[in-house]
Protein chains: 2
Amino acid sequence: MPQYRRFTAEDAIQFANQHSELFGEHSKLTAVSFGDNHMNQVFRVKNQFNTSLIVKQALPFARGLSDRWPLTLDRSRIEAQALQNFAKAAPLLVVEVLHYDVDLAAMLLEDLDHLTLLSTALTEGRQFQQLGSQLAEFIVNAGFANSDFSLDLAAKKSKQIQFLNPEPLQISKDLLFNDPFSNNERNQIDASLYPLAQHIWLDEQLQAKVAALAASFRSKPQTLVHGDLNSSSIFATADQLKVIDAEFTGFGPFGLDAGLFIGSLMLHYCLAPALQPDQSKAKDQQNYLHNQIKLFWQQFQRQFLQICRQQCRDPLFGNELYQQQFVADVLRDLTGYAGCELIRQVIGTFRSPVLSTIKSPAMRLQVSQHALTLGQRLILQHQQVSSIDQLLSWLPTGSPQ
Amino acid sequence: MPQYRRFTAEDAIQFANQHSELFGEHSKLTAVSFGDNHMNQVFRVKNQFNTSLIVKQALPFARGLSDRWPLTLDRSRIEAQALQNFAKAAPLLVVEVLHYDVDLAAMLLEDLDHLTLLSTALTEGRQFQQLGSQLAEFIVNAGFANSDFSLDLAAKKSKQIQFLNPEPLQISKDLLFNDPFSNNERNQIDASLYPLAQHIWLDEQLQAKVAALAASFRSKPQTLVHGDLNSSSIFATADQLKVIDAEFTGFGPFGLDAGLFIGSLMLHYCLAPALQPDQSKAKDQQNYLHNQIKLFWQQFQRQFLQICRQQCRDPLFGNELYQQQFVADVLRDLTGYAGCELIRQVIGTFRSPVLSTIKSPAMRLQVSQHALTLGQRLILQHQQVSSIDQLLSWLPTGSPQ
């Protein structure tokens with residue numbers, strides 16, 4: 001049994017070669033380290049024919065955060081098993097895990113270099129027309145398979161043990177609900193945004209809603225959630241979509257992943273006028289995102305009710321009225337979590353790196369204000385949301401300066 | 001390490017003598033088996049001076065239910081540890097566990113023979129004036145200590161593992177949410193009640209609300225709940241109260257225990273006119289129960305907010321507006337669970353044995369109807385309840401025939 005050691009490029013090559021038939025015995029392999037997500041190291045291992053695989057290894061700490069958030073390597077097991085769990089429910093929509101080694105906390109993954117990271121693609125103004133429906137399919141299928149609609153109590157409890165993931169969930173809770181809503185030293189905030197941030201920190205009504213969303217995050221284990229499903233955890237092209245990175249997986253509210261996804265699309269909506277100098281193209285990108293949010297919402301609702309009708313295993317939860325009320329509740333949660341994600345991305349500890357690329361301070365201020373204002377509204381009014389058109393009517397209008 | 005065997009009276013004596021200093025070395029001990037709660041055997045062990053202790057041993061099956069609900073002995077560990085957990089938060093209000101043996105699935109408990117089982121006392125028309133406030137204190141203190149207000153995420157997760165109790169929770173779910181709301185062969189129903197029972201089984205709106213309450217029972221682990229806290233799990237006198245029997249303990253919604261308790265007081269309210277031939281005394285007993293329900297509700301609200309103000313450990317959940325909204329949500333849950341408990345006690349698998357003692361069929365029908373009608377209203381309208389006076393206005397009025 002190998003002991004944990006931090007991989008060098010040579011180790012990554014050996015690991016990939018040992019656990020994959022892909023390269024053949026005598027191929028010349030190279031490995032390049034890339035990516036920096038604070039918690040892992042990632043290598044792309046290639047043979048001379050450019051066939052490649054990814055080696056991802058968990059680090060025993062969170063980089064750049066000192067010892068504030070120590071991390072056990074068990075999250076690597078959780079990530080591998082979560083990706084496998086999700087892939088079972090939505091095979092085409094999840095990165096494939098080819099091998100996982102518990103002691104080395106390392107996994108071998110298919111390479112997605114023919115796809116683009118969604119956050120990058122959206123920043124560049126690209127448009128994937130199936131985005132909303134593919135994401136809805138992923139969340140509905142994976143969510144349903146791990147929910148009370150599908151699992152009996154004993155099976156669900158045993159999955160809850162399998163995916164106990166307290167450290168990453170504590171980080172999520174801090175990043176999403178604590179830091180952005182208090183004057184935390186970790187927050188990254190443009191000075192010009194301070195007045196608005198302070199307004200957020202002092203709004204008791206808003207804080208109460210955030211506390212309720214955080215409480216649900218901790219004590220509403222409706223299903224297995226990815227936990228970090230924003231545009232940086234998705235690879236896509238015009239016809240393919242793959243979810244990656246599941247180290248924040250755990251049981252939580254059904255609406256969480258959908259909320260993070262919609263929140264991140266809404267951020268791109270707010271950003272579009274600042275990223276795209278041609279304002280008619282910016283408007284076109286906003287229309288695209290508007291339509292994808294609508295598509296997601298409608299497909300989520302439709303597909304969720306359909307899978308419940310077809311596959312619900314518990315007669316008690318087979319009641320269609322209950323299913324409709326359940327999905328309406330999920331969509332209200334979604335709205336609240338989308339609001340938290342928007343605010344986190346603008347004034348949180350790991351705010352969106354895209355924001356820093358906007359050179360004009362006035363422009364940066366305006367799109368940030370749009371995102372924060374929208375985020376607050378989503379949080380404050382999430383319990384009143386009853387239709388997607390209502391939600392979309394809150395998107396900011398008017399051209400930036 | 002002793003292997004599990006079913007205790008004889010002699011084994012119970014030996015177990016008590018071995019694990020307690022109470023009796024002295026040469027006392028003459030006797031043991032009497034008593035109680036029959038389908039899942040355990042219980043002995044009272046006495047010395048010649050009438051000092052007594054209780055030996056409770058878990059059985060590896062649920063008596064009278066064939067093999068439909070097999071039970072692991074681990075629930076005995078859960079029960080002992082749960083009673084110890086509750087006693088830490090509310091020392092005077094829980095039966096004391098003197099010793100617990102994991103292999104024999106047996107525990108030694110203080111004897112509560114100087115108190116009366118609450119269900120018996122209420123059936124006899126007795127009144128304990130501190131009942132409502134003592135129960136509120138128990139539920140608030142134990143509930144708070146195991147909640148997100150008090151535990152950080154890692155501590156709560158580890159308690160959730162400690163108290164994983166899938167089999168008993170499955171039984172609870174079946175008994176409380178499935179059986180009474182469907183035409184299940186296990187239900188015990190007076191023939192005269194069939195029309196009303198059928199009405200319940202066919203009411204889609206009601207079923208949807210019950211499904212939502214059952215979903216929260218499964219997927220809203222706000223705190224450690226007793227899980228069976230009706231008048232048969234409480235011993236009392238004028239000044240003392242002790243909670244017993246924690247084999248159904250697990251993490252669940254904060255409002256569950258309170259709901260089962262209030263539901264069982266409401267059942268006694270409905271039963272009073274049938275149990276007490278003197279109708280002015282019956283009315284007096286109803287007034288007593290009315291006042292205790294009100295006292296419980298008010299004290300619960302007051303004490304919960306007080307302990308939150310004084311002891312909340314998480315700044316996010318320190319928001320007072322959130323705490324008020326949380327307690328309002330708990331009280332709405334309470335109302336729904338009280339409704340389920342009422343209906344379960346009248347037409348469920350283990351319906352209230354008191355019902356069978358009412359000789360007059362007309363009288364039995366009428367009190368049963370009162371309880372079922374009230375139960376339905378509590379379930380259907382639980383989300384609209386905003387005050388205790390509103391809730392109490394739903395109690396049946398008018399004398400029975």
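**How the two chains meet**

Modeller: Let us start with the salt bridges: between chain B and chain A the count is six. This is a predicted model, in which local features need pLDDT of at least 70 and side-chain atom pairs count only at pLDDT 80 or more, while totals for chains, interfaces and linings use all residues. Residues are numbered from 1 along each chain as its sequence is written, chains are lettered from A and ligands numbered from 1 in the order in which they are written, and side-chain values use heavy atoms, with hydrogens and water left out.

Biologist: Why is the pair R218(B) and D314(A) called a salt bridge?

Modeller: The term asks for a side-chain nitrogen of Lys or Arg within 4 Å of a carboxyl oxygen of Asp or Glu. In R218(B) and D314(A) the closest N and O atoms are 3.9 Å apart, so the pair meets that definition.

Biologist: What makes residues of chain B count as in contact with chain A, and how many are there?

Modeller: Contact means heavy atoms within 4.5 Å. On that basis 36 residues of chain B touch 36 residues of chain A.

Biologist: How much area do chain B and chain A bury between them?

Modeller: About 3,300 Å², with 61% of it on carbon and sulfur atoms. Buried area is the accessible area (1.4 Å probe) that two parts lose on being put together, summed over both. On the chain B side, L153(B), R218(B) and L316(B) lose the most area to chain A, together 22% of what that side buries.

**Helices side by side**

Biologist: Why are α7(B) and α13(B) called roughly parallel?

Modeller: Helices here are DSSP runs (H or I, at least four residues), numbered from the N terminus. Helix α7 of chain B covers residues 194-202 and helix α13 of chain B residues 361-380; they pack at about 10° with axes 11 Å apart. Axes are lines fitted to C-alpha atoms over the stretch in contact, and angles run from 0 to 180 degrees between N-to-C directions. Angles under 35 degrees count as roughly parallel, over 145 as roughly antiparallel, 65 to 115 as roughly perpendicular and the rest as oblique. The helices α7(B) and α13(B) are therefore roughly parallel to each other.

Biologist: Which residues make that contact?

Modeller: L196(B), H199(B) and I200(B) come from α7(B), and Q369(B), L372(B) and Q376(B) from α13(B). By class, the residues of the contact of α7(B) with α13(B) are three nonpolar, three polar and no charged. Ala, Val, Leu, Ile, Met, Phe, Trp, Tyr, Cys and Pro count as nonpolar, Asp, Glu, Lys and Arg as charged, and the others, Gly among them, as polar.

Biologist: What makes α9(A) oblique to α11(A)?

Modeller: In chain A, the axes of helix α9 (residues 255-275) and helix α11 (residues 320-347) come within 7 Å and cross at roughly 50°. That angle makes α9(A) oblique to α11(A). Their contact has 12 nonpolar, five polar and two charged residues.

Biologist: And in chain B, how do α9(B) and α11(B) pack?

Modeller: At an angle of about 50°, with their axes 7 Å apart; α9(B) and α11(B) are therefore oblique to each other.

Conventions: Helix = DSSP H or I, 4+ residues; strand = E, 2+ residues; numbered from the N terminus.
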